[in-house]
Amino acid sequence: MACIRGERPVFSGVSFSLEPGGALTLVGPNGSGKSSLLRILAVLLKPAGGTLTWEGAPVDQDWTAHRQRLHYVGHLDAVKPTLTATENLRDWARFRGAARAAPGALEALGIEELADVPGRFLSAGQRRRLALARLLAAPAPLWLLDEPTVTLDADASARVTAMIAAHRTDGGIAIVATHGEIALDGAGRLELGEHAVSADMLMTEADGESEEEEQW
């Protein structure tokens, strides 16, 4: 797998495979491509080379099915300011095709007392907790998390770690970009700084001479 952003080569030669219950942490300096790789996996960004597969089948055979099997939590919390915490989760569940939000999502993040508070009154940490509660409100097998504990205190960070562990116990997969603040038992580690490339190298891979494949 390879990536170009704004004509700038970011990484090349990235390849990994994860089984149900698996986890992978993405590490590396700023600009090494952690967020870009997550966006590629979420099919929000097109790779410059390589193939993305799920259970052996290329995901580009059915983009809709792939989007339905994943949750992507980026840097923006996307909390609607005029809706309460409960209403934010309700609308998210409906967007994901669920009749209603699964119960217990707010409790899992320790913000049940904020159920009726509009998003505009939430602090940065509370908004982050609410964004992460979406993972539980409408379950999906693949979690793509970009620095999920940013702005969170120790209690909330511990809750997120426990959520990821429970998700994996149920057979889910988690891929997490982090600077090292999340401890995931048995998780693989991908150092994207080791995959930095020059423009010439990336053009070679895009031409198919060094194509890498990702599998889950």
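The following legends describe close-up views of one predicted protein model.

Local features are given for this predicted model at pLDDT of at least 70, and side-chain atom pairs count only at pLDDT 80 or more, whereas totals for chains, interfaces and linings use all residues. Residues are numbered from 1 along each chain as its sequence is written, and side-chain values use heavy atoms, with hydrogens and water left out.

**Figure 1. Overall fold of the protein, with 7 helices and 10 strands.**
Helices (H or I, at least four residues) and strands (E, at least two) are DSSP runs, numbered from the N terminus. The protein has a radius of gyration of 18 Å, close to the 17 Å that the globule rule gives for 216 residues, so it is as compact as a globular protein of that length. The radius is taken over C-alpha atoms, and the globule rule is 2.2 Å times the number of residues to the power 0.38. Along the principal axes, the C-alpha atoms fill a box of roughly 55 × 35 × 35 Å. Buried residues account for 49% of the 216 residues; buried means under 20% relative accessible area, exposed over 50%, and partly exposed in between (1.4 Å probe, protein chains only). Of the contacts between residues at least 6 apart in sequence, 75% join residues at least 24 apart, where contact means heavy atoms within 4.5 Å.

**Figure 2. Strand β3 (residues 23–27) and its parallel partners.**
In β3, 5 of the 5 residues are buried, so the strand is largely enclosed by the rest of the structure. A23, T25 and V27 point one way from the strand, while L24 and L26 point the other way. In a regular strand the side chains alternate between the two faces of the sheet. Two strands pair if DSSP finds at least two bridges between them. Strand β8 (residues 173–177) runs parallel to β3 and is joined to it by 4 bridges, with A174 of β8 as the bridge partner of A23. Strand β9 (residues 188–191) also pairs with β3 in the parallel sense, over 4 bridges, and here E191 is the bridge partner of V27.

Helix α1 has 6 buried residues out of 8, so it is largely enclosed by the rest of the structure. The buried positions are K34, S36, L37, L38, I40 and L41. L38 has 0% relative accessibility and counts as buried. Not counting residues up to four places away in sequence, L38 touches L26, Y72, L144, L145, D146, I175 and A177. R8, 30 residues from L38 in sequence, is 17 Å from it in space, C-alpha to C-alpha. The helix is followed by V43, whose phi is positive, near 55°.

**Figure 3. The largest nonpolar core, of 30 residues.**
A nonpolar core is a set of buried Ala, Val, Leu, Ile, Met, Phe, Trp, Tyr and Cys residues joined through side-chain atoms within 4.5 Å. L89, L130 and I164 touch the most other members of this core. At least two residues each are supplied by α3, α4 (105–108), α5 (124–137), β7 (142–146), α6 (154–169) and β8. The largest share, 5 residues, comes from α5. Leaving aside neighbours within four places in sequence, L89 is in contact with A101, A105, L106, L130, A133, R134 and A137. A second, separate core of 27 residues includes F16, L26, L142 and L190. In soluble globular proteins, nonpolar side chains tend to be buried together.

**Figure 4. The aromatic pair of W92 and F95 in helix α3 (residues 85–95).**
A search of the whole structure finds 1 aromatic pair. Its rings, those of W92 and F95, are tilted, at 5.6 Å centre to centre and 35° between the planes. Rings of Phe, Tyr and Trp (its six-membered ring) pair if their centres lie within 6.5 Å; planes under 30 degrees apart count as stacked, over 60 as edge-to-face and the rest as tilted. W92 and F95 are 3 residues apart in the helix, and therefore separated by about one helical turn. W92 is partly exposed, at a relative accessible area of 22%, whereas F95 is exposed, at 63% relative accessibility. The charged end of R134 sits over the ring of W92, 5.6 Å from its centre; this description requires NZ of Lys or CZ of Arg within 6 Å of the ring centre and within 35 degrees of the ring normal.
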